[in-house]
Amino acid sequence: RGHDVAPAVETTADEIAAMEIRGAATIADAAAEALAIQAERSDADRPDAFERQLRAAAKTLYETRPTAVSLPNALRYVLAGMDGETVAELRASIVDRAEEFRRDLDRAQSKLGSVGANRLRDGDVVMTHCHSTDALACLEAAVEDGIEIEAIVKETRPRLQGHITAGQLREWGVPVTVIVDGAARRYLDRADHVLVGADSIAADGSVINKIGTSGLAVLARERGVPVTVAAQTIKLHPDTMTGHTVEIERRDEREVLDEEARAAITDGVDGTDDGLTAENPAFDVTPPRYVDAIVTEHGQFPPETIVTLMRELFGETVDEPWER
Ligand code: RUB
């Protein structure tokens, strides 16, 4: 890590890596805030030193988790607004730009919420996976419109983000049934919608979201239940337009198999058991044919058409400002 990076930025980076700050939109918001803090606390006395510090801070934040493209999109957006001849001007430009980004993030979420709510009817039962603030914005807007909904919430192993979703929905008065992930197919009989968020959306309309989303989408198709992905446009992954794939984060296997569970399994095995491993990919890829609609702040799109919006918003190519 760059030695000029403010301790508060290092703390944010650590919190993102440890998932104390998590979820694609929340990570983007925290990253923009961290760049503003870096700008405010910078001790640089020359513009070039200030710019170098900002890029080092962005790189530190970028290297925390690889899958949610909202993180590099946020960093890129804020750094692209860096402008001025003096350190004071540069500082002000970053602080303003970060504020603008965070305001737009909120606005986009509430806009897409009302688009998503239009897909719901009185009495609908919605199945969710993980915890997505974009997906919840749709349900919140529906509740505010007086639409009576119920939720079936998948607990989402191994980190149980479903519990966060359940808590939020109960605060809004929505009846919630929590199920284990393996019960999804059985309970799809009762569901009218599957509603999930996204960490990234690729140019072909593939949706990258919490592990288990793709299986859920396939089951929903088999059951004839429509799948809605709520994703504001900072989830669009511009590098996929030029053939790059989205990196799927692999987390510590102890999230799946902790020391105690491992000891219980290997009880009776001589010595340390190298033949026992666990795998812990945090996300998976849902092909576009299993997704009915991607709901954004610009309206809803069939997944196959999302590349048009991507090109409009990002142009053909993007650079990584911290690698200049
Ligand atoms: C979170 C997750 C969420 C998306 C969208 O994974 O997969 O569905 O990030 O969330 P993790 P939001 O818990 O590993 O970060 O709509 O809030 O951006």
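The following legends describe close-up views of a predicted model.

**View B. Packing of helices α2 and α4.** Helix α4 spans residues 70-80, and its axis lies 8 Å from that of α2, at an angle of about 30°. Because angles under 35 degrees count as roughly parallel, α2 is roughly parallel to α4. The crossing of α2 and α4 is right-handed. On the α2 side, Ala24, Ala25, Ile27, Ala28, Ala31, Ala32 and Leu35 take part, meeting Ser70, Leu71, Asn73, Ala74, Leu75 and Val78 of α4. The contact of α2 with α4 contains 11 nonpolar and 2 polar residues, with no charged residues.

**View C. Contact between domain 1 and domain 2.** The domain assignment divides the protein into domain 1 (7-110) and domain 2 (114-243 + 281-314). Their C-alpha centres are 27 Å apart. In the contact, 15 residues of domain 1 meet 18 residues of domain 2. On the side of domain 1 that touches domain 2, α2, α4 and α5 (87-117) are the elements giving two or more residues. The most come from α2, with 4 residues. This side of domain 1 has 8 nonpolar and 7 polar residues, and no charged ones.

How values were computed
Residues are numbered from 1 along each chain as its sequence is written. This is a predicted model: local features need pLDDT of at least 70, side-chain atom pairs count only at pLDDT 80 or more; totals for chains, interfaces and linings use all residues. Axes are lines fitted to C-alpha atoms, for helices over the stretch in contact, and angles run from 0 to 180 degrees between N-to-C directions. Angles under 35 degrees count as roughly parallel, over 145 as roughly antiparallel, 65 to 115 as roughly perpendicular and the rest as oblique. A crossing is left-handed if the near helix is turned anticlockwise from the far one by less than a right angle, and right-handed if clockwise. Two residues are in contact if their C-beta atoms, placed from the backbone, lie within 7 Å. Ala, Val, Leu, Ile, Met, Phe, Trp, Tyr, Cys and Pro count as nonpolar, Asp, Glu, Lys and Arg as charged, and the others, Gly among them, as polar. Domain bounds come from an automatic or database domain assignment.
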